[in-house]
Each structure stands twice: as structure tokens, then as C-alpha cells.
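Please consult the sequence and structure shown here alongside the text.

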Amino acid sequence: MDTKKTSLYQLHQDSKAKFVEFAGYQMPIQYSEGIVEEHRFTRNHSGIFDVSHMGQLFIYGQEDLVDDLERIFPLDLKNLKLNHSKYSFLMSDNAGIYDDLIITKIKDGFLIILNAACKENDYKILKELLNDKYKMILDEERSLIAIQGPKSVEILKSVIQGVENLNFMSGNWFTLDDHNIYVTRSGYTGEDGFEVSLTNEFADRFTRRLIDKGAKLIGLGARDTLRLEAGLCLYGHELSKDKTPVEANLKWAISKERILKGNFIGSDIITKQLNHGVNKIRVGIKPEGRIIAREKTKIYNESNLEIGEITSGTFGPSVNGPVAMGYVENKFSKKDTKIFLEVRGKKHPATICGLPFYKKSYVKGVN
Amino acid sequence: MSEVKYSKEHEWIKLEGEIATIGITKHATEMLGDIVFAELPEKGSNVEKDGTAGVVESTKAASDVYTPVSGEVVDLNQSIVDDPSKINQDPENSAWFFKLKIKDKSEMDTLMNKDEYDIFAKESSA
């Protein structure tokens, strides 16, 4: 299969990107300044991320669609206001995670942002679960551009007036040069920022305008260090078909109302795990010193018993040290528990810690 | 007189008398990206030609560092362990990794000179 290119491919090339194949797309892993500088620029200024490889699934329908989606997602969708977003999951009957996603109520339906590697499968699953009752478009005609970091609001509002009035996890339609643009205040870096959905045709011109205003392109490499410092999960690493949202320590994303009533896919297992606990759970891990514990690194307790495995680990430029997340047996998951990480045959001390590693600054009260 | 030679694993080696100073090339640092961790062999240990003699890690991945010649580790550059970003800044000079008392000077003959390495690096990254 040929690898796909996003509508910003030419811009990435012009910006001297190093490319990597990711979920069937040629994506920029970094540009000439490198991951650490790109990471810092996002934290201090404003970074642009091409996330056009992600799925933008539009589902159109009225009340019966809301009912049907509530049987799929553990969310209180009846009370989700127009243009408001929620983080959620597509789960199996066993509450295993097929994908994590952002669902937004739009006029006449919902917009769901899906992971690139999962989007085709998600589409199939959803189409089947919804019995092909609704118009569903996995829109390949639109690009998705994230702009993240403290200066993003100033930069984006100088191009699209009014975005500064959006609150975190809400969005709206805007018009720019006769193009319909859907902007949400969201992102995956732990910074204030926006995600902009617009036509492929307009994406390159629009992004060059953001660059003219002082934002810089940031690759997938820094996206990974940023999300990891922010304690955010990455599908295929922290999340997979054999992990549940409760095990992933994401129970905050499950509506309490919906847990009481049940009746969504995976609700039996979720309820059971919430009432009786889980065997393994996702935690933050801070290695001592500078040692970096990568994915699949084995975790031991003080009695040299294997208690879990790292799912993501790297060097956090803003933390200025190594950071990791992983799953450990629940009884060893308490904050400040001493653990050991086996790296290149040697056991290195580390501590279970709270998340995030780096404090977020989301905008909650504009209006 | 000192001579600098290069290995296919992108190490440079500078021989002065029987003491060899070893580091990684600028080309290697460009391929690795930002280096955030460095591990060196133990002082006093013996390393064998083409064996592992350290690790560097970028934000992306870990890579072994190999020694292009055999010998006894007689000195380490602790400053690159304390601040690995120095390796990106000055890889072929102040950010050397370790020094060896070499065993067999003829091992140097198997390595590339500057011109040969430049061609090799260009081809291997194409």
C-alpha cells in the first residue's frame, strides 16, 4: 500500500522535515531545529501540528442518534451542549479500548476525531453498531491543524477573529476567505490551544499564515514528549484492546450518570471494575537520575518481583529529566512507591508519581 | 603526530602514542537528533574492537556506542554524562566519550580516513 500524504506535505518538505511513516501516512517526525527545541517552543510560544492523518468522522442524525450513540459511548450525550466536546472511547463488549476519541456535538449530529491508525476500523465498527441508519462521513477532504502553546490564542485570533472566546473543550464554525472552518479549543500537549478543521485545499495557505504570525511547525517527535509530560495516553501504547478505561485510570471520562444506569457497550465490566477494583492500573513513573526507560521496560518492586511494564518513556525537555508511564499491579500503584526499572540488564530506581509531569494551563472561563 | 580515523558505526578515534580518544561523529549526532542520555564504559575495564562501549539516547531511541579498537578504558568524559546536549554541540572535539590504552595499533588500519568516511556517511544516509 502506498503511503498517504497530508495536504501540508509540500509545506513540511519546504520546512526541511524529516519524515517517518505513521499509520500509513508520511508524517514529519521533526524539522531542522530538533525535538527538544520544538518541544520548548510549543511550551513557551506556539507550535503548529499537522494532525490531518487523524479521522474526522461526521455522523448526522437527531434524537434517535443521541440514543444510539449513548449505547456505544459512556457519555451523557443528551446533555452535551451544541459545540461542546467530550473525551471518550470506543469499546468492545469486554470494555477493551478500540480507540480513544473526542466527540463534539454539532448542528445535525456529531463530529468524532479518531486516531489515524484506528479510523477505518472505528468507522466499520460504528457503522455496524448503528445498523447503517445514519449518514456517516469519514471526511478525507478536510485537514486538521492543531496550534498549541501560550501564544496560540493571539496568533490564531489575528487570523480568525472570535476564537479567543472559545472555552476549553468547546468549538464553533468560523468563515475565512469563504472557507468554512471548525475550530475547537483543545489539543494534546497540555497547553492552551486549538484544533482547526478546514478543507484540504485551504490548509497549506492557512498554515503558512500562522507561520507568518510567528508560530512554528512541530513534528510528531515533540508531540510525543509534550503529551507524555502532560500525562496523556497514546493509543497503541497506554491504550489498547486489552486495556479498559478504568485500568487506564481514565474513569473521570466516564459519565457518573451513565454508570448508574449502565446500558452501554462494556458497561458490565466497567461497573464491576469500579466496584471491585482492577488488577493493573496506569501510573506515572519518574526514574531517578537520567536513565530513560522505554516502552516494554519491565518494572519490579523492592522485593524484586515483576509488577508491570512501561508503555511510554522518554526524556521530558520541560521536566528536564526522564518521564514514563506504565501499568503496575494495583497494590503497588500508590504515589511515592519505590520501584525498579530494568534497562539494559540493570535495575534502576524510580518512583510512582502523580500525573501530569508538567502542569497544564487550559482556558476554562472566557465566558 | 596524531591521526584521526572513522568507523562504520560512526565513531571517530584519535590516536596519540598508545592512547586513543574516541567519540561519535557529527554525522551520527545529526542522525540521532537531540541526545539526552549518555552512558560510558567503566574505567579500568577492557573493551574489544567492535564491542559495545556505551549508550547514547535521543528523545526518540537508544543507540549503542561501539569501540573501533580494543583496549583498556583509562579515562572518561564525565561532562557528557552530566550534560548530554554537549555531544550535539561539539561531537568531534570536547564531547569525546572515553580514552583507551590500545592493545594492537594495527587495528587502526581497518578504519576509514576522513575522506573515505565522508563518502561513507553520505552514502549511508542517502
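## Domain arrangement in chain A

The centres of domain 1 of chain A and domain 2 of chain A, taken over C-alpha atoms, are separated by 31 Å. Domain 1 of chain A comprises 4–54 + 140–229, and domain 2 comprises 279–353; these bounds come from an automatic or database domain assignment. Eight residues from domain 1 of chain A and 11 residues from domain 2 of chain A take part in the contact, where contact means heavy atoms within 4.5 Å.

## Basis of the values

This is a predicted model, in which local features need pLDDT of at least 70 and side-chain atom pairs count only at pLDDT 80 or more, whereas totals for chains, interfaces and linings use all residues. Residues are numbered from 1 along each chain as its sequence is written, chains are lettered from A and ligands numbered from 1 in the order in which they are written, and side-chain values use heavy atoms, with hydrogens and water left out.

## The interface between the domains

Domain 1 of chain A and domain 2 of chain A bury about 760 Å² between them, with 66% given by carbon and sulfur atoms. Buried area is the accessible area (1.4 Å probe) that two parts lose on being put together, summed over both. On the side of domain 1 of chain A that touches domain 2 of chain A, helix H2 (35–44) and helix H7 (220–229) of chain A are the elements that give two or more residues; helices (H or I, at least four residues) and strands (E, at least two) are DSSP runs, numbered from the N terminus.

Zero salt bridges are counted between domain 1 of chain A and domain 2 of chain A, a salt bridge being a side-chain nitrogen of Lys or Arg within 4 Å of a carboxyl oxygen of Asp or Glu.

## The interface between the chains

Chain A contributes 15 residues and chain B 16 residues to their contact. The area buried between chain A and chain B is about 1,300 Å², 47% of it on carbon and sulfur atoms. In chain A, the residues that lose the most area to chain B are A:Arg290, A:Arg294 and A:Arg344, together 44% of what that side buries.

Three salt bridges are counted between chain A and chain B. A:Arg344 forms a salt bridge with B:Glu39, with the closest N and O atoms 3.8 Å apart. On the side of chain A that touches chain B, at least two residues each come from strand S3 (25–30), H2 and strand S17 (306–316) of chain A. H2(A) gives the most to that side, with three residues.
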